[in-house]
Structures are given as C-alpha cells and as structure tokens.
Amino acid sequence: MSKHLWNLIVVVLVVTLLLAACGPAATTPPEQATEEPAEEFVFGVILVGPYNDHGWSEAHYTAAQYVTEKLPDTSFVYLDKLNPADRPETTLEQAVEDMISQGAEMIFTTSDDFKEDTDRAAEKYPDVTFIHISGDHVLTGEAPPNVDNYMGKMPYGKMIAGCAAAMATESRVIGYVGPLINEETRRLASSAYLGARYCYENYRGKDPDDLRFIVTWIGFWFNIPGVTLDPTEVSNDLINEGADVLISGIDTTEAIVVAGQRAEQGERVFAIPYDYEGACEEAPEVCLGVPYFNWGPGYLERVKAVIDGSWKPQFVWDPPYWENINDRDKSPIGYLKGPALEEHADWASKVDQFIAGLADGSIKLFVGPLNYQDGTTFLEAGEEATDEQVWYMEQLLEGMEGPSE
C-alpha cells in the first residue's frame, strides 16, 4: 500500500470517529424556525362593586378567571368599585382609557348603571369591542356598532327562589331586600313573587292570597352610607314585620348574614342570597339556596368571537341550560340548593319538581290574567308574556307590597 493511500485512509477514519463522537447535527424544523410566540389577548372588566363581594361583582371576576383558564394566551385587567361612593372622581371613560393603554382589545362593563357611559366610550374607541352586561341598547338600536348586550335569564332563578321560600315559610310573610327600582329589579322581584305563589298553592295546598310579599328597596345595588338605606337594618325590619324568609335582590350578603344572626338567637328564619354561587357560605344553616349567575361561558364565547373575527353586535338574554342548570360550562344561571333546604327532603323534592316544570314548559308563570300594582292590566287572561314584556315591566305585580317607582 502506498504511503499516500495509507494517509487518506487514516484521514477518513479520523473524520468518521469525530462525527460519531459529535452525534447527528442539530436541525430546526422550518416551521419552528419561523413561528413567532403567540400574542397575548387582553380584555378588561369594569366592576361596580368589590371584586370579592361574594355577589354580583365577584361572579364577573370569576368569569374572567374562567376565560383565562379555558383559553390559552389570554389575560385580563380589571377595575372594581366603580361607583359614586368608592371612586367619585373616576369615570368609566377613564377606566376604559387605562385598560386600552394596558393592551385591552375588548372590555366588559358590568352594570346597568354603565349603559350610557359604555356607549360614549365605544364611540370614542371604535376599534375596541364592548360587552355591556344587562343592557338593551343593541335591542333598541341605540348602541354603537362595537357594543354587545348580554344577560342571563335570571327571572327563572328568582322563580326558583320564590318557590323555595314558599316551601319554608310558616309566618306566610316573605321579605325581599331590593336594590334600586328599575325594569330589571321589578321583573326579578315579580318573578320571585310568582314562584312563591305557585309553590304555596300547588305544593303546599294553601291559598296564595294568604302570602304577604314585602319588597323594601335600599336605593342602590349595595350599601352606600348616607345615600342608601342600610340593608342590615332593612333585613332586621323585615324580620321584625314577620318575615321568616328573606330573599335578597342586592349585590351583597347582608340579608343572609342577618338571618344567620337572628337564627343564632333562636328565631326560625331563612334566607336566599343572590348573584354568587358561594353566597350560602355566609350562613349555611339558614340558606335555602342561591340563584346565581355563571358568566364564564358567555364571556368565553364572546372573547373567542373577537379573537377569531366572528363577533357581531347582538342582544342576548340567555336562558338556563335546562338539562343541568348548574353545569359550569353551559348554563348562564343556576340555583344551588342550600343546606337548610336539603335538610328537608320534601321541600327539596318540590323545588326539583318545580325546576323540572320550568324546564319542560309545563309551568309558565308569566301568563295572564296578571295585573300591575295599580290594577291596570299587565297580561290578559290566557296571554303569555313575550320576553320584551317581561324585560320592560313597568310596575310590580298586584298583590306585592312596596313601591314600583
């Protein structure tokens, strides 16, 4: 063998050994090399009360968390307590500007009180999508094209609350702690009244005209010292007037707290809080259940639509998912039976029967003859209310105690 050939063989062997030692060359798939990190989608949530109020505002805060859990690469910013008492110098428009500066591309405004301010902010920022909760300006045609209206169909939840109250009352007096007076609050209080009358008559076999249903309005969605009535005092006054069940229509938990305190003193009293599924925890021993909002699925649907470009303005009054009204991923409202209801199997079974009747349509409560408080006709005999008739209720119903305006 020639010296040159031998040297060539040696070189080849050395190169082969070096390649084997180094292993295969690292490569980057073309798609990985060109792929950029996903851009985070930011949305804003403006709350009228504290984010941890165990009521309306906490339910919305929880919904925002639900979106970020279900949808990767999303985050939210929020401002709570946007109301005249807590932030008298802050406007909704200022809150919107701050959120946009933090990257928010859509904003949920979560109070009926934000109706006009939401429209003004939407006109100023036409490239931002606004979801106004509980409003109706899309329905009436007043909303700018970048505003959406969304609301859960809570009259059903209030009907169930009224039924549970009717099963429990022995004094035949039900007290309703109401917020301010408007179309929304009138329809919710009236729904609870109709549910109570139905169950008192059909499941207890008693005359519904013997029931007293007393509504006291505090003047806002929660207590503002010096501005509203104190909901703690209102709750005590209703019990002193004979109510042995309190139904709350406000954003906070004073009614169930007071009921729990009075029960500890040996009184027979129950309560039904509102808005937030965990509200029974305040006083479980007196809680007959809670009608609550589950905003998460509705939030998620709208965030997805904005991200994928399919969003369009609409007015949605979303009914329960009747197969399971407590389905966290499907039902916009629910009713969690409380320990005080579950302790009485007959009460609980009748409430379940009532829910089943609402679900299959065999129970319809907004059917005439029904009159308003002043005796004028709301629904003629046999007339079934449309959604708009219920939405725009002008007064409380005949038989209810408390002002309509």
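1. A nonpolar core is here a set of buried Ala, Val, Leu, Ile, Met, Phe, Trp, Tyr and Cys residues joined through side-chain atoms within 4.5 Å, where buried means under 20% relative accessible area with a 1.4 Å probe, protein chains only. The largest such core has 111 residues, and F43, L288, W295, F354 and F366 touch the most other members. Helix 7 (residues 155-168) gives the most to this core, with nine residues. A second, separate core has 23 residues, including A255, A279, C280 and V290.

2. The model is predicted: local features need pLDDT of at least 70, side-chain atom pairs count only at pLDDT 80 or more, and totals for chains, interfaces and linings use all residues. Residues are numbered from 1 along each chain as its sequence is written, and side-chain values use heavy atoms, with hydrogens and water left out.

3. Contact means heavy atoms within 4.5 Å. Leaving aside neighbours within four places in sequence, F43 is in contact with A64, V67, T68, S75, F76, V77, A104, M106, F108 and V303. Among contacts in the protein chain between residues at least 6 apart in sequence, 67% join residues at least 24 apart.

4. The protein chain has 14 helices and 14 strands, taken as DSSP runs numbered from the N terminus (helices H or I, at least four residues; strands E, at least two). Its radius of gyration, 28 Å, is well over the 22 Å that the globule rule gives for 405 residues, so the chain is more spread out than a compact globule. The radius is taken over C-alpha atoms, and the rule is 2.2 Å times the number of residues to the power 0.38. Along its principal axes the C-alpha trace spans about 120 × 50 × 45 Å.

5. Of the 405 residues, 53% count as buried.

Definitions and conventions: Buried means under 20% relative accessible area, exposed over 50%, partly exposed in between (1.4 Å probe, protein chains only).
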